[in-house]
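Here is a report on strands, a chain contact and some backbone details. Please read it alongside the structure.

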Amino acid sequence: MKHARAIEPTRSWRTHCPGPWALGLALAAIVGCYLVIWLYLDPPARYYASAPVFFFDHDFFRSHLRPGGLLEYGCGFLAQLDHEAWLGALGFTAILATLSLSARAILERTVGVAGLVWTWPGLVLLTLYGQYSPPVWEIAGGLLVTAVALLGWLTWKRLSGWRRLAVFLGLTAILYYLAGAWVCLLFIGGVGASEWIGRVPALKALTHNTNPRPRQRPPKTNWTPALWWQFWTRGVQVALGVLALILMAWSFDHERRALWRIQSEAERGDWGGVITAAAGLREYPVQARLQVNRALHHLGRLTGELFCHPQRSGLDLLASLADGLIACTPLSDTLLELGQVNLAEHYAHEALELRGERPELLWRLARINLVKERPEAARIFLNRLHRAPFHRGRADAWLEAIEHDRTMAGQPEIVHLRSLRPTQDWVERVFPTEPMLRQLLEANRRNRMATDYLMAHFLLTRQPEALLQNLGRLDDTAVSGLPRHLAEAILIQVRPGQEMDLHARTIDPEIAHQFERFRRAAPRPGEAQMPQPALDRDYGDTYWYYAWFGQTHGRANRPPPQDRR
Amino acid sequence: MKPESNQGARMRTDPASISVRPAAWWAGLILAVCLPGLCRAAAPREPIELVSRPPSLSPDYAGIVIPPNLAPLNFAIHELEVARHRVRVLPAHGRPLEVTGKSASVEFPMSGWRAMLEANRGERLIVEVEVRSSAGHWRRFAPVTNSVSIDPVDGYLVYRLLRPVYNIYGALGIYQRDLGSYAETPLLENRAIEDGCINCHTFLAHRAEPMALHIRHRQSGNPMLLIQSNAVTRVEKTSGYLSWHPSGRLLAFAVNKFALLFHTTGETRDLYDGASDLGIHRLDSNEVVMPPVISKPDRLENWPAWDPAGRYLYFCSAPKLRIERLKQIRYDLMRVAYDLESDAWGEPETLVSARDTHSSAAQPRISPDGRWLLFCLAPYGNFPAYHVGSGLYLMDLETCQMRRLEINSDQSDSWHCWSSNSRWIVFSSKRRDQLFTRPYFSHVDERGQCSKPFLLPQRDPLFYDSFVKTYNLPEFVREPVTVTSDDLARGVLNPRAILKPQSVPIPGQAEPPAEHEAEEGRSSRR
């Protein structure tokens, strides 16, 4: 009986019609896969990272009428599903499931049974999905088309003579035009393998087909070498599957996911989400730095929590092209919200050149042109968006708004941004941060973001005296209290017994006490200014630590703080 | 069952039934085709409201002069609630052209349009537009009157298509458009040469060859391509703003050192010319020379253009000023006499003085008949496409009288070109949306009067409403360029023929400004 129980699962795997357990397992795997993609792999992050440009457009379709173009077109459309997390996950899971079932069917038709090999393409695709940059939809689509073609071949290959050759050539030609050379080669390879697999024992072994009659039940008590070989190969397959899962988890690009999640949260205006996503990063690349600062500003925490995030002396608050081309998109956002509409336009166009006509960039340019009072130019970008999946409705609403009022004077966002624009022209090749912010404040002293950023700039460039001189600007933006980092910077600047005009603001006594303790613990001038773990633990999120050591490491990278009291 | 089958057999073999059946079929067919038309003709027409104004058309093809060999001017009726349209074009000769449709877009049939234009050279076309709202209410607008010119336009237009670029070049290319149809074919796209910039396509006497092209390419330096008899030669010399001498033996070029600047208000981009000189590439001896009269060390010389007789080189010249005085850099429009046989230069003469006009001249182009000089005036600087106030000016070279053209808009109008018969100009204008330059055509009569400009037609009349690229440097060509894109790309990446011109030193002449690295700081995305 022991032997019989041990062999029992083999039977269920061997049946061509899976039993309820197998079906249940498959269903669980599909649901699990869907949940992993939806909740963990984050399709919107993938959308912003690498979804190809796609338009419902005659010319766009026509440009794909070339070998391989139709696959590109179809997969380009499918990749748009990632715009919505649940839909992207559903689409990709459906492709994975179909591909896996097709692989299983192919293996069953060629070598009798499929073992677990049929799950491998899905595992590979999931691994690639977690990399965020490979064109995974196109790869999945290509594999699926190959699988369908192979199934077709296996159905028709029993034809004899010239008919068989015609089917092969026909399928190859169709595949070449539909999906391109690589899919075509894959199909030819698959056909070759299907022809030869039965004749090469090693290939047979891979698919657990040692028995020439797989449906025939092996003797219950007779542990023949063939049966041992079956168990061994199944063990290898399970081990390979587990290894693949481990590799998948290991190769998952957390950093890239965090970076693109920051971008997708910022696109949605979920500033809390930006901060949460940034917690997954040890260092902030330039695009993350820009978006986190923007999020902190929108949450009203820029001058209170700037040093809770990794900062390094010498890095400018507002990056430039020299910091990397990837900065263009978030820099454009920041500059537009600040009111430097022309500079925002500059960086939005750079991003457009770099990344193509992606919807998020077209939206930026539409907004910029509306702020610049160029409704006709804005309409061109909106008309383009009208043809992009998931953007038509919003684009139509904007087009209708322009139709009703070309000045867009009824749109609070546009009116607000217009009120922030500089009034004096300034021509430069590169705009330094401080004069640029000052120019904005000269045009509109109530520009809250420019004030916030100017203060943050003084903090990052360690200019507490300039900060103190400009403290009155907070009155113009209705900031009543004194944000923590500003208080910390003022405490560094103050001499014992010195009177200071804080514009009716007071420094929290607790912060003053902390500063006293920090001063006692921090290295004296002339001592080595090396970062110290104890100070980092207790004061690593303060301006003082940054002023002393020129860097902060962010909450995620610091030891848990002790009670500072 | 049996009798029926017998009857059937009889019917099949009965000669009378054989002759009657096709006749019945034909009658039925004719009725089916004609009956709806007869019914429509017989039925009373729906009540129609007369609107006293002409319809709003997009693109604006009302009151224009049309070349007799141009593709159909499809347009969209930009009126409220257009559920159906009925458009009739009534020519002086021939049958009216009528189109109907269920949208606002009006598309004319190619063959009917061509025949109509051909039969009506020099005549008027009356365009009647009727639209029906979704409620079934018809309106007829006041008719639009256009004219067909007797002067054909050159068959092809070659232009560069690119997005409004700043520092980084993405996808761009040079394309040729058959003006008699809507066919657009790429001459060279930058993806074929692994990115880079392609510009300054220049033709001799509106022929497809010889052709010169400038490439800015990291791997290959910044070469020029020469295309003659479909053979592509890479010239290892950086040259921009090219102009062919009518003999085909000389190419005038500019060597510039530009810097891209940004404004915080108004138009975002600007260009600073740090150093510019003109040079001559003698193709027969493969020599490059920088004649002192057109490459003065204290002046910025730019935009060379030969006159059709080859006796004058027109160009623009300004004093060298520092970048802080950007808005004071204004170019004079000059010309200098040249004798090809003796290679002798005359003294430069100023045709349009920046001091008098308080403007900066650019892009001089002389009509092929030698009568007219068309150029740009901008508030300052050397790149009118970046200046809102830039416009086209026409100088009669017989009287040297100049005037601002009435066809200018309040936006930038620049990048103009004459047709080979001197009767048409094409220019790029931002008048439509203030951001994207689009090619406009205008007829120029013998007195220098320009007709209302109209936009290059497209099959889809709404094409420009969602097209996010600009048309740059439109050039008329009489016949299609036949060199292939692959050959051009090979000429850049893996050329079969390379020319390395020898620089001819001139005593006392200072070194020219480095190489022509136009728009310093720009780079391809790679």
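Predicted model: local features only at pLDDT ≥ 70, side-chain atom pairs only at ≥ 80, totals over all residues.

The report below starts with the contact between the chains, then turns to sheets and backbone geometry.

Chain B and chain A bury about 3100 Å² between them. Carbon and sulfur atoms carry 54% of that area. Chain B brings 36 residues to the contact, and chain A brings 38 residues. On the side of chain B, B:Ile168, B:Phe262 and B:Thr264 lose the most area to chain A. Together these three account for 22% of what that side buries.

Polar links cross the interface too. There are 22 residue pairs in polar contact between chain B and chain A. Three salt bridges are found across the interface. One salt bridge joins A:Glu357 to B:Arg163, with the closest N and O atoms 3.5 Å apart.

Which strand gives the most to the side of chain B that touches chain A? E20(B) does, with five residues. Strand E12 (168-169) and strand E20 (250-263) of chain B each supply at least two residues of that side. By class, the side of chain B that touches chain A holds 17 nonpolar, ten polar and nine charged residues.

Strand pairing also spans the two chains. Strand E2 (residues 427-428) of chain A pairs with E20(B) in the antiparallel sense, over two bridges. Here A:Glu428 stands opposite B:Phe262. B:Phe262 is also among the residues of chain B that lose the most area to chain A.

**Sheets and a hairpin in chain B**

Strands of a sheet pair through backbone hydrogen bonds, either parallel or antiparallel. One open sheet of chain B has four strands, in the order E28-E29-E30-E31, with antiparallel pairing.

Elsewhere in chain B, a hairpin joins E13(B) to E14(B) through five residues.

| Strand pair (chain B) | Bridges | Bridge partners |
|---|---|---|
| E29 (372-378) and E30 (391-396) | six | B:Leu373 and B:Met395 |
| E13 (173-178) and E14 (184-189) | five | B:Gly173 and B:Glu189 |

**Backbone details**

Most residues other than glycine have a negative phi, and most peptide bonds are trans. A cis peptide bond joins B:Ser58 and B:Pro59, with omega about -5°. B:Pro59 lies in the loop between E2 and strand E3 (65-66) of chain B. Another cis peptide bond joins B:Glu209 and B:Pro210, with omega about 0°. B:Pro210 sits in the loop between strand E15 (197-203) and strand E16 (211-216) of chain B.

Is the phi of B:Cys200 positive or negative? The phi of B:Cys200 is positive, about 55°, although this residue is not a glycine. B:Cys200 belongs to strand E15 of chain B.

Technical notes: Residues numbered from 1 in each chain as written. Chains lettered and ligands numbered in written order. Heavy atoms only, no water. Pairing = 2+ DSSP bridges. Contact = heavy atoms within 4.5 Å. Buried area = accessible area lost by both parts, 1.4 Å probe. Salt bridge = Lys/Arg side-chain N within 4 Å of Asp/Glu carboxyl O. Polar contact = N/O pair within 3.5 Å; in protein donor to acceptor, adjacent residues only side chain to side chain. Nonpolar A, V, L, I, M, F, W, Y, C, P; charged D, E, K, R; others polar.
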